[in-house]
Amino acid sequence: MSSASSKVLKWASLAFVALGSPSAEVMAFSAPRHRNTPLRGAVGRGNGINGNIGRLWMAGKNGGNDGDNVDPNPGGLNQWSDDDDERSFEDLNFIEQIQEWFGSPEGKEDVKTYTVSLGVALCLRLLIIEPRYIPSLSMYPTFEVGDQLAVEKVTKRIRPFSRKEVVVFNPPETFREIVGNTSGKAKEALIKRIIAIEGDEVEIKMGGKLFVNGVKQDEPFTAEDADYEFGPVVVPTGEVLCLGDNRNHSLDGHIWGFLPTENVIGRAVFVYWPPWRVGTTGMY
C-alpha cells in the first residue's frame, strides 16, 4: 500500500470514529454490550460521543443512551502501521533486494524456471550434444579459426566409427608425452578426421597420397598432399587413425600414433557460427 493511500485510509478511519458509525443493525458484526466499559484508543466528543474521554455513547431507538456500546474493534486505530517508515524496493540494499526477490511469488517462479532450464541444458551438454571452438588451422579448409561447431555424443555408443568422419576426442597418452604432461595443451580436446579404422592397413606414399588397404583415397577436404611418408601400419583393435585435413600443419596420428576409440567425445555434426559458415561441408 502506498504512503498516500495509507494516509487517506488512516484519516478516513479517524473521521469515521469521530463523526459516528452506522447503527448496530447494519454493521457487519454485532457490537457486544458492556456497562460503563471504556473504549480504549477512541477519543472525541459530539454527535453521540460523550465528553468523557474513552467512552463512546450511541443513540438508541428512544433517542437516549442505549447503554454503553463499546467499539467492536478496541484499539483499532492503533493497528495502523506507519507506512511512512516503510522502504520501497529501490531503497533496500543489494542483499535485502535479493532476499525480497527470493521471497516473492515471482522470484520463486523464476528460480524454478531457471533451475529446470539449467538442468536440461546440463543434461544436453553432458549426454547429447556440446559446443566446441576451433583454435587452430590443423583442420583447414574444413574448419577455420573461430568456427564453432556442435558435437553429438550419442551415436558413438550405438554406431561404429567410419572412415572420413570428423571426431572430437581426448588426446591419447602418447600425445601428452610429446607436448609434456604439464602443458595446458595436454588436457585440451582435439579434433581430427578418421582416415582408418581397426584392421585397416594404412600407408602414405607416392608424393603424399593416402592408401588404405592398398586403395588410393579420394580426399577433396584436404588442404594439400602430405610432404611425408608414413607406414604401412595396421590399425589395432579398438583404435582408429586420425589425421588433420591440413596435413603438413597438424600434430596428428602420423606423429603420436593410434587413438583408442574410448577417448572419442563425439562426432562433429555441423558448424553453427559464424553465420556465413553454417553447414556440414566436409563432415562425412
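**Reading turns, sheets, helix packing and burial**

Biologist: In the hairpin of strand 6 and strand 7, how many residues lie between the strands, and which residue takes a positive phi?

Modeller: Between the two strands of that hairpin there are 2 residues, and Asn213 takes a positive phi near 55°. Strands are DSSP runs of E with at least two residues, helices are runs of H or I with at least four, and both are numbered from the N terminus. This is a predicted model, in which local features need pLDDT of at least 70 and side-chain atom pairs count only at pLDDT 80 or more, while totals for chains, interfaces and linings use all residues. Residues are numbered from 1 along each chain as its sequence is written, and side-chain values use heavy atoms, with hydrogens and water left out.

Biologist: Which residue has a positive phi in the turn between strand 5 and strand 6?

Modeller: That residue is Met206, with a phi of about 55°, in a hairpin that has 3 residues between its strands. Met206 is not a glycine either, and with a relative accessible area of 59% it is exposed.

Biologist: How should I read the sheet, and in what order do its 4 strands stand?

Modeller: Two strands pair if DSSP finds at least two bridges between them. The sheet is open, with the order 7-6-5-8 and antiparallel pairing, and its edge strands, strand 7 (215–216) and strand 8 (230–234), each pair on one side only. Strand 5 (residues 201–205) pairs with strand 6 over 4 bridges, and within this pair Val202 has Val212 as its bridge partner.

Biologist: At what angle do helix 2 and helix 3 pack?

Modeller: Axes are lines fitted to C-alpha atoms, for helices over the stretch in contact, and angles run from 0 to 180 degrees between N-to-C directions. Helix 2 (residues 94–103) and helix 3 (residues 105–128) pack at about 80°, with their axes 4 Å apart. Angles under 35 degrees count as roughly parallel, over 145 as roughly antiparallel, 65 to 115 as roughly perpendicular and the rest as oblique; helix 2 and helix 3 are therefore roughly perpendicular to each other. Trp101, Phe102 and Gly103 of helix 2 meet Pro105, Gly107, Lys108, Asp110 and Val111 of helix 3, where contact means heavy atoms within 4.5 Å.

Biologist: Is Arg267 buried or exposed, and which backbone oxygen does its side chain reach at 3.3 Å?

Modeller: Arg267, in strand 11 (residues 264–273), is buried, with a relative accessible area of 4%. A polar contact is a pair of N or O atoms within 3.5 Å; within protein, one must be able to donate a hydrogen and the other to accept it, and residues adjacent in sequence count only if both atoms are side-chain atoms. The side chain of Arg267 reaches the backbone oxygen of Arg159 at 3.3 Å, and one of its polar atoms lies 3.0 Å from the backbone oxygen of Pro160. Leaving aside residues up to four places away in sequence, Arg267 touches several others, including Glu152, Phe161 and Glu165.

Biologist: How far apart in space are Cys242 and Ala196?

Modeller: Their C-alpha atoms are 7.2 Å apart, although 46 residues separate them in sequence. Cys242 is found in strand 9 (residues 239–243) and counts as buried at 0% relative accessibility. Beyond four places in sequence, the residues that Cys242 touches include Phe169, Ile194 and Leu259.

Biologist: How many helices and strands does the protein have, and how many of its residues count as buried?

Modeller: There are 5 helices and 11 strands, and 30% of the 284 residues count as buried. Of the contacts with a separation of 6 or more, 60% are between residues 24 or more positions apart.

How values were computed: Buried means under 20% relative accessible area, exposed over 50%, partly exposed in between (1.4 Å probe, protein chains only).
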